Amino acid sequence: MKILLIGSGGREHALAWKLSQSELVTNIYAAPGNAGTEMTNKCCNVQLYTHDELLSFAKDNEIDLTIVGPENPLVAGIVDLFKQNKLCIFGPSQAAAKLEGSKIYAKNFMNEFGVKTADYKTFTHAYAAVTYLRTAKYPLVIKANGLAAGKGVEICNNFKDAEATINSFMVDGIFKDAGKTIVVEEFLSGVEASIICVTDGKTIVPLISAQDHKTINENNKGPNTGGMGAVCPNVNVNKKTMTDFTENIMLPTLKGIQKTKLDYHGFIFFGVMITKDGCKCLEYNVRMGDPECQSILPLMNFDLVKLCQATVTNNLSKFKLKWKRGACVNVVLTSAGYPGNFKKGYKITVKGKPLIFFAGANIQNNVIVTTGGRVLSVVAVDKNNQLARKKVYQDVAKVYFDHVYYRKDIGL
């Protein structure tokens, strides 16, 4: 079968890598892809960017299955477009993708269907938000309503920080329209977990848990990024936690999807805080997480293509997930200056054969060069977290480009 894979990040390279292992697959077309997808078995890059270009390519090349990696095409309605043209596609509809596209919609959805979450208020005007913040309890969390590449969340410890964040989001427009409306949320203490599930709207099944490391600096300091590394499984997620998550977050979410008749056939990401009062949902993402994806896929002991097929044909209840024993640790290498300003175009050199998933990197004149802030992930699997962590940092030392930066505490 022929697969069209939409996206260009580390998640998409990891997906291509896993999809290529399926005996069902003959060709994978990554649109637009990156250096990693270009070098993946059975895969080639196609420079397609608009929904019309992708639709025409899928029709002309008789694509059997399209898989959407990033959130933007989902929020913009690519699944609806493909289904209207009777093409098979893995991902939620535009209406369902609003669970990620609007923090306000997601919080209201959680509240309506009994999903445990933090208390919150929403604001559309900076003056009203600042007035509220003068008497609010700190710390608190301010979130941009729209898509902000994982960076639109600030933990504010006092009024001064909160006012500055409001001005940055709502007045200065650092995230453009995405920050013009905001959510002000109760701060939750605890440990975070990423629990990614797959659903066909009738059944919902959790994948193995993961832990993301969001901030740019070690010890969880500095501004948020798209993710600086991930560990799988999350050592803080045990059977009791999963039962709590299932009963108070996952199943109420499925109930909400069904009650609102959302067309949802794809991954759904639950950002969870494990507190002394149990699990609470921080956010939804309507796709596989990045960098969580790069740590989850190496532990999959089943055919990802068959999982996608079972999902889009409403047969998920019959699919059995099997996992390899052990742990996987993923360390993201970035260009210095990220998530702010950074330079591009540096040659990447690799010694040996570490497992790498490229993100902000392309091949130019037969040389792999940096093209983005998050450049690549180095990934290692071993018997346990400690051994996987030791191995991944040994492999990180085999990769180099000018002004490379990475956290040294992933997995601690």
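The following questions and answers concern a predicted model.

Me: Which residue of E4 is the bridge partner of Ile 6?
Reply: Strand E1 (residues 2-7) and strand E4 (residues 65-68) run parallel and are joined by 4 bridges. Strands of a sheet pair through backbone hydrogen bonds, either parallel or antiparallel. For Ile 6, the bridge partner in E4 is Val 68.

Me: Why is helix H1 described as largely enclosed by the rest of the structure?
Reply: Helix H1 spans residues 10-19. Its buried residues include the charged side chains Arg 11, Glu 12 and Lys 18, and among the others are His 13 and Leu 15.

Me: Which side chain of opposite charge is nearest to Asp 200, and how far away is it?
Reply: Asp 200 is in the loop between strand E10 (191-199) and strand E11 (204-206). Its side chain reaches the backbone nitrogen of Thr 203 at 2.8 Å, and a polar atom of that side chain lies 2.9 Å from the backbone nitrogen of Lys 202. A salt bridge requires a side-chain nitrogen within 4 Å of a carboxyl oxygen, and the buried Asp 200 has none. The nearest side chain of opposite charge is Lys 202, at 5.2 Å.

Me: Which residue of E17 is the bridge partner of Gly 271?
Reply: Strand E16 (residues 266-275) pairs with E17 in the antiparallel sense over 7 bridges, and a hairpin of 2 residues joins the strands. Strand E17 (residues 278-285) is largely enclosed by the rest of the structure, because 7 of its 8 residues are buried. The partner of Gly 271 in E17 is Glu 283.

Me: Is Lys 276 buried or exposed?
Reply: The side chains of Lys 276 and Asp 277 meet in a salt bridge, 3.5 Å from N to O. Asp 277 counts as partly exposed at 47% relative accessibility. With a relative accessible area of 79%, Lys 276 is exposed.

Me: Which residues are linked in a network of salt bridges?
Reply: The structure holds 10 salt bridges. One of them joins the side chains of Arg 287 and Glu 71 at 3.3 Å, N to O. This pair links distant parts of the chain, 216 residues apart, with Arg 287 in the loop between E17 and helix H11 (292-296) and Glu 71 in helix H4 (residues 71-75). Both residues are buried, and the network consists of Glu 71, Glu 100 and Arg 287.

Me: How far apart in space are Thr 370 and Ile 348, C-alpha to C-alpha?
Reply: Thr 370 lies in strand E22 (residues 367-370) and counts as buried at 1% relative accessibility. Its contacts include Ile 348, Val 375 and Phe 401. Although Thr 370 and Ile 348 are 22 residues apart in sequence, their separation in space is 7.0 Å.

Conventions:
Residues numbered from 1 in each chain as written. Predicted model: local features only at pLDDT ≥ 70, side-chain atom pairs only at ≥ 80, totals over all residues. Heavy atoms only, no water. Buried < 20%, exposed > 50% of the residue type's maximum accessible area, 1.4 Å probe, protein only. Polar contact = N/O pair within 3.5 Å; in protein donor to acceptor, adjacent residues only side chain to side chain. Pairing = 2+ DSSP bridges. Contact = heavy atoms within 4.5 Å. Lists of a residue's contacts leave out its neighbours within four places in sequence.
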